[in-house]
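Good morning, and thank you for joining this group meeting. Please look at the sequence and the model while I speak.

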Amino acid sequence: MTATFGSFAIERMTSAATLATIIIVLSVLGLAILVVRREELSVLRLAPSSLIAFLAWALISTFWSTDRSDTLFGWVSLLGFAILAITIGHIRDTLQTVRAIGDTLRVLLAASLAVEILSGILLDVPILFLDIEGNLAIGGPIQGLFGTRNMLGFVAVIALITFVIEWRTQSVVAPIAIPSVALAGFLALLSASPTVLVLAVAVGVVTGALTIVRITPQSRRSFVQWMLGALVALALAVAFALRHPIIAWMGGGSDFSMRADLWNKVLDFIAVRPIQGWGWFGPWQRGEYPFTYINFLLDNNHQTALNAYFDVTLQLGVIGFLLFVLLGGIAVVRSWLVASVRRSVVYAWTPLVLITLAVDSMFESFTLAGAGWFMLVLCALRAGQSRSWRENIDAANTGVIPTLRGHG
């Protein structure tokens, strides 16, 4: 967990080679654990088929990539974080997973606040090798140990969800839970990230909707689900129609304008290779076409498309986009249905995190690398453990009627 969420700090304090070595070693250990525990696992349920298809297509893109070695390296990174997520998903139940992520984020967020205090108040100088600008004394924006204010805001929202779930399940005592929630909220606010407000609203709305579904009698639950789905579709349509006033109200006009210019250029290059894309790279590699040319045209130095959906379409084409949406979409539906019928609030963690990933993917490409990708794979695996066609096959082979089994 620490290597995943702290990857930026590890790379800056050591080197990219050190981080790669850590991930490789952990991945090998993860594979060894899965092999040792193979008798407890089902091959059919080892990983979601949509995940396997996405990884396979990313690997196949090596054949038409502009740089095969960089594509292969990017794919290995994708695979490494996926293996870590798969291993954790199989050896830890949902509550144990939430606790492990909660402990990790508590430490990293506390360390982020500590270095911001050191930089912005005690020393009053930037910490350049960590990209910390030292703006704490003037109210932000701050970056912490995560490189950018948007990444800090994203992690803080994930942490808020996790800390509240810990609190509600009484996994941690109030003297730990309450300061943890306050810390995450404080850093989310100081990040001054324009996406934090969007994520907070989205999580709040989804939490309210899930609460309504959970307290609705089973006989009327299906009707309520469809009604909520219709309301979501209507809300999205209204938000799109009023997007300019909303952006102005949020104060993100210049930020969105920059993104819009970038997305328009990305769409131009998607049109050149709409089916297969330009090859998988993950974060944009320096010196690689078309990324450098896009930055040249915009006179900027973007490292991603600032939109996971556009980014994956640019690199893997429409096929990659559909596989990516399929991976996340199926996971959202499965986890939502499980959380709707399970009494424990811990099952709400998976759909809430997945919705956060889905919404954030409209403004950043975090879900295509590192901690974001790790969380997507982990949640997709967790969602598929209770609702999957593989469960019916396993049940047919063992003669056991499938149910929504524990896993936390």
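Is D131 buried, partly exposed or exposed? D131 is partly exposed, because its relative accessible area is 33%. Here buried means under 20% relative accessible area, exposed means over 50%, and partly exposed lies in between, with a 1.4 Å probe and protein chains only.

Before I continue, a word on the source. The model is predicted, so local features need pLDDT of at least 70 and side-chain atom pairs count only at pLDDT 80 or more, while totals for chains, interfaces and linings use all residues. Residues are numbered from 1 along each chain as its sequence is written, and side-chain values use heavy atoms, with hydrogens and water left out.

Let us stay with D131. This residue lies in the loop between α6 and α7. The helix names come from DSSP runs (H or I, at least four residues, for helices; E, at least two, for strands), numbered from the N terminus. The phi of D131 is near 60 degrees, a positive value in a residue other than glycine. Most residues other than glycine have a negative phi, and most peptide bonds are trans.

D131 also takes part in a salt bridge: its side chain meets that of R12 at 3.2 Å, N to O. The term stands for a side-chain nitrogen of Lys or Arg within 4 Å of a carboxyl oxygen of Asp or Glu. The two partners belong to distant parts of the chain, with R12 in helix α2 (residues 7-13) and D131 in the loop between α6 and α7, 119 residues apart. R12 is partly exposed as well, at a relative accessible area of 35%. Side chains of opposite charge can pair when their charged atoms come close.

With 57% relative accessibility, D124 counts as exposed. P141 lies in the loop between α6 (94-122) and α7 (149-168). G140 and P141 are joined by a cis peptide bond, with omega about 5 degrees.

Where is the other cis bond that I wish to show, the one joining Y289 and P290? P290 is found in the loop between α12 (253-272) and α13 (291-298). For the bond between Y289 and P290, omega is about 10 degrees.

I return to salt bridges. How many are there by this rule? The count comes to six. One joins the side chains of R99 and D103, at 3.0 Å, N to O. Both residues lie in helix α6, four residues apart, which is about one turn of the helix. R99 is partly exposed at 24% relative accessibility, and D103 is partly exposed with a relative accessible area of 34%. R99 and D103 are also linked with R106 and E166 in a network of salt bridges.

Another salt bridge brings together the side chains of E364 and R259, at 2.6 Å, N to O. E364 lies in the loop between α15 (349-360) and α16 and R259 lies in helix α12, so this pair ties together parts that are 105 residues apart in sequence. E364 counts as buried, at 5% relative accessibility, and R259 is buried with a relative accessible area of 1%.

Next comes a pair of helices. The axes of α6 and helix α16 (residues 370-384) come within 12 Å and cross at roughly 165 degrees. Axes are lines fitted to C-alpha atoms, for helices over the stretch in contact, and angles run from 0 to 180 degrees between N-to-C directions. The two helices are therefore roughly antiparallel to each other, a label given to angles over 145 degrees. The contact (heavy atoms within 4.5 Å) is made by T94, T97 and I101 of α6 and by M375, L378 and R382 of α16.

Finally, consider Q315 in helix α14 (residues 308-341). Is Q315 buried or exposed? Q315 counts as buried, because its relative accessibility is 0%. Leaving aside residues up to four places away in sequence, Q315 touches several others, among them W278, W280, F281, W284 and F291.

Conventions. Parallel < 35°, antiparallel > 145°, perpendicular 65-115°, else oblique.
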